[in-house]
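Please look over the sequence and the structure shown below before reading on. The paragraphs that follow go from single positions to the whole chain and then to the contact between chains.

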Amino acid sequence: MRTATETIVGFARTVRAAGVAADPERVQTMLRALDHLDVLDPSDVYWAGRLTLCSDPADLPRYDRCFAAYFSGRTVRSVRRPPPVVISRPAAVPVTDPPPDGEGERADPRTATASRAEVLRHRDVARLDEAERIEVNRLIALLQADPERRRSRRFATARSGRHDPYRTVREVLRHGGEITAVRYRAHRTRPRRVVLLIDVSGSMTPYADALLRFAHAAVRAGGRTTEAFSVGTRLTRLTRELRHRDPDTAMTAVSEAIPDWSGGTRLGEELKEFCDRFGQRGMARGAVVVIASDGWERGDPSLLGEQMARLRRLAHRVVWANPHKARPGYEPLTGGMAAALPHVDDFVAGHSLAALQRLAHIVNAGRRRA
Amino acid sequence: MTYDATGIGSPPELARILEECGYLADDGLATAAFLALRMRRPLFLEGEAGVGKTALAAALARALDAPLIRLQCYEGLDAAQALYDWDFPRQLLHLRAAEAAGVTDVGRLESELYDRRFLVARPLLRALETAPSVLLIDEVDRADDEFEAFLLEVLSDFTITIPELGTVRAVEPPLVVLTSNRTREVHDALKRRCLYHWLEHPSYEREVAIIRRRLPHVADRLAGQVARAAQRLRAEDLVKPPGVAESLDWAEALVALGARDLDPGTAAVTLGAVLKYREDQQRVTAGGLDALLGGG
């Protein structure tokens with residue numbers, strides 16, 4: 001016969017194994033919560049655990065599953081997640097018409113003597129070998145998508161600007177009522193929010209890793225004002241996973257978090273979900289929203305157009321990065337891309353380190369071009 | 001008075017008291033609030049807009065017969081707006097008056113200037129000084145993360161240090177309710193300090209009961225019709241599904257128009273009370289109001 005505490009700790013362990021961040025401190029809190037409730041009442045135990053172990057709506061279905069399984073007496077089949085997909089791998093997707101010199105920049109004679117990094121800069125990330133990929137990943141981690149700044153409603157002290165009565169009076173007080181100096185204040189500036197939506201569907205497989213690493217660099221540099229999501233068939237918020245300092249750790253966390261690797265694309269629906277759940281409530285308001293996708297839409301392109309229009313109304317700027325854009329002869333004629341383009345402020349490539357640098361620059365500097 | 005002295009012994013009992021105050025809490029919410037009282041932990045509420053997060057804080061304040069102190073969060077909120085500020089104009093006035101009266105004791109004058117009466121208490125300080133009290137920190141996701149870190153400090157030891165005056169410690173920590181709309185991920189450290197509850201839209205029966213409770217002049221049948229239509233609207237694919245607040249508005253609007261029934265005619269003229277987006281109104285109207293209201 002196990003004690004109640006053992007049972008609860010065992011339950012908490014199960015919940016943790018299912019992917020809920022129920023750390024020991026939270027387990028302690030659950031035990032203390034049960035001091036005030038009836039430990040023999042299933043409903044009380046359920047709520048004590050849910051209120052203390054969970055901290056996100058995504059935790060709740062996992063918690064419910066564990067609760068049902070654990071207390072029904074069944075041995076809990078550990079709710080194993082599928083093994084993480086290894087993202088860093090040479091692209092298996094054959095790329096048609098490889099243009100090793102077809103990108104304009106190569107015409108420059110100086111490129112011949114350029115460093116290895118310089119050559120790598122313009123290579124399509126889908127066609128790198130393992131060593132080159134590691135090198136490019138290292139360079140991507142150095143990119144700084146430091147967002148542009150916007151004027152805040154708040155004031156800070158300044159050398160000139162508007163008169164600051166409070167500070168002046170405080171100064172006057174310090175000098176016993178003598179007016180010695182007039183103080184000024186000016187509007188503070190704050191970083192503009194950046195939201196990245198990275199397409200991880202099948203057709204984007206060769207680029208997803210590089211783009212997610214780009215998102216990692218952006219989230220690391222942008223502090224708490226930068227958010228990242230993956231889109232494919234499901235919208236997944238990745239900001240938390242991308243906060244790991246080390247890019248490879250972050251990528252492992254990301255690969256575990258994304259449930260729909262290399263699946264289909266339902267961009268319109270997911271954009272709608274993004275707008276409904278996050279965008280409209282404030283995340284996209286006044287933000288720079290970057291969509292990295294090839295625009296290959298399986299669903300109804302008109303829905304995508306509708307949602308892009310909505311996103312454009314919410315956001316400060318909408319940037320679309322399409323890895324195929326740099327390909328000679330590429331025309332944005334696929335249904336999704338054609339529907340989205342009228343609502344995009346900047347349409348850029350996203351296939352190489354140089355393209356990602358440019359993307360970072362566009363995010364940083366507003367409309368000014370690289 | 002401590003919370004224990006209120007003698008609330010179990011979640012159902014708290015639910016009953018909340019009901020007397022006009023708030024219908026289900027088991028989960030009653031347990032959450034009960035534990036928040038007993039364990040003296042802040043209650044972190046998340047959920048769709050309009051499910052009654054803010055209303056719970058107000059109801060708890062009424063239930064405990066304690067004042068509700070509200071801190072509305074917004075971007076750029078800082079300590080001066082959340083904690084305290086000095087009343088400079090009054091300080092200056094005091095100084096001038098002392099000067100006119102010929103006070104020469106500089107030391108005394110200075111200490112007088114930083115007297116408690118020149119301190120403007122903002123919500124957090126007010127909540128610490130008022131016992132008992134319910135502190136509502138509304139839409140914490142709107143504040144910056146620096147503010148969150150600061151909040152974490154205040155909520156862990158319920159003391160505030162004012163350099164000129166000393167440390168203010170809460171005799172009895174306030175009952176804290178934090179709400180978030182999830183526009184931004186809130187620090188895990190802050191959530192860990194709290195009990196976490198995700199509020200769902202109420203069930204049909206509960207929604208009818210809420211309408212009846214809050215608007216006693218609305219007939220049973222009309223309340224039922226409004227609740228059913230609201231439930232159906234939530235199942236639709238809308239930009240902004242209606243919350244309980246919208247159901248209440250809708251019922252109120254219908255009563256104001258003298259409508260006895262929610263039928264396609266009355267629904268068409270009052271749709272603006274429940275759907276706040278043109279796209280949503282168009283979608284619902286296109287789908288046919290009969291379909292929305294039919295079958296019951």
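In which loop of chain B does Asp65(B) lie? Asp65(B) is in the loop between helix 3 (53–64) and strand 2 (68–72) of chain B, where helices (H or I, at least four residues) and strands (E, at least two) are DSSP runs numbered from the N terminus. This is a predicted model, in which local features need pLDDT of at least 70 and side-chain atom pairs count only at pLDDT 80 or more, whereas totals for chains, interfaces and linings use all residues. Residues are numbered from 1 along each chain as its sequence is written, chains are lettered from A and ligands numbered from 1 in the order in which they are written, and side-chain values use heavy atoms, with hydrogens and water left out.

Asp65(B) has a positive phi of about 55° although it is not a glycine. Asp65(B) counts as exposed because its relative accessible area is 69%; by the convention used here, buried means under 20% relative accessible area, exposed over 50%, and partly exposed in between (1.4 Å probe, protein chains only). Arg40(B), likewise not a glycine, has a positive phi of about 55°, and its place is in the loop between helix 2 (27–39) and strand 1 (43–47) of chain B. With a relative accessibility of 35%, Arg40(B) counts as partly exposed. Most residues other than glycine have a negative phi, and most peptide bonds are trans.

Ala82(B) belongs to helix 4 (residues 79–82) of chain B, and it counts as buried because its relative accessibility is 0%. Leaving aside residues up to four places away in sequence, Ala82(B) touches Leu71(B), Arg122(B), Pro123(B), Leu124(B), Leu125(B), Phe147(B) and Phe150(B), where contact means heavy atoms within 4.5 Å. Gln91(B), found in helix 5 (residues 88–100) of chain B, is also buried, since its relative accessibility is 0%. With residues up to four places away in sequence again set aside, the residues that Gln91(B) touches include Trp86(B) and Tyr114(B) as well as Leu173(A).

For chain B as a whole, there are 15 helices and 9 strands, and the C-alpha atoms fill a box of roughly 85 × 45 × 35 Å, taken along the principal axes. Of the 296 residues in chain B, 52% are buried, and of its contacts with a separation of 6 or more, 74% are between residues 24 or more positions apart.

What remains is the contact between the chains, in which 46 residues of chain A meet 46 residues of chain B. The size of an interface is often given as the accessible area lost when the parts come together. Chain A and chain B bury about 4300 Å² between them, 51% of it on carbon and sulfur atoms, buried area being the accessible area (1.4 Å probe) that two parts lose on being put together, summed over both. Leu51(A), Arg224(A) and Arg281(A) supply 17% of the area that chain A buries against chain B, more than any other three residues. There are 4 salt bridges between chain A and chain B, a salt bridge being a side-chain nitrogen of Lys or Arg within 4 Å of a carboxyl oxygen of Asp or Glu. The side chains of Arg192(B) and Asp23(A) meet in a salt bridge, at 2.9 Å from N to O.
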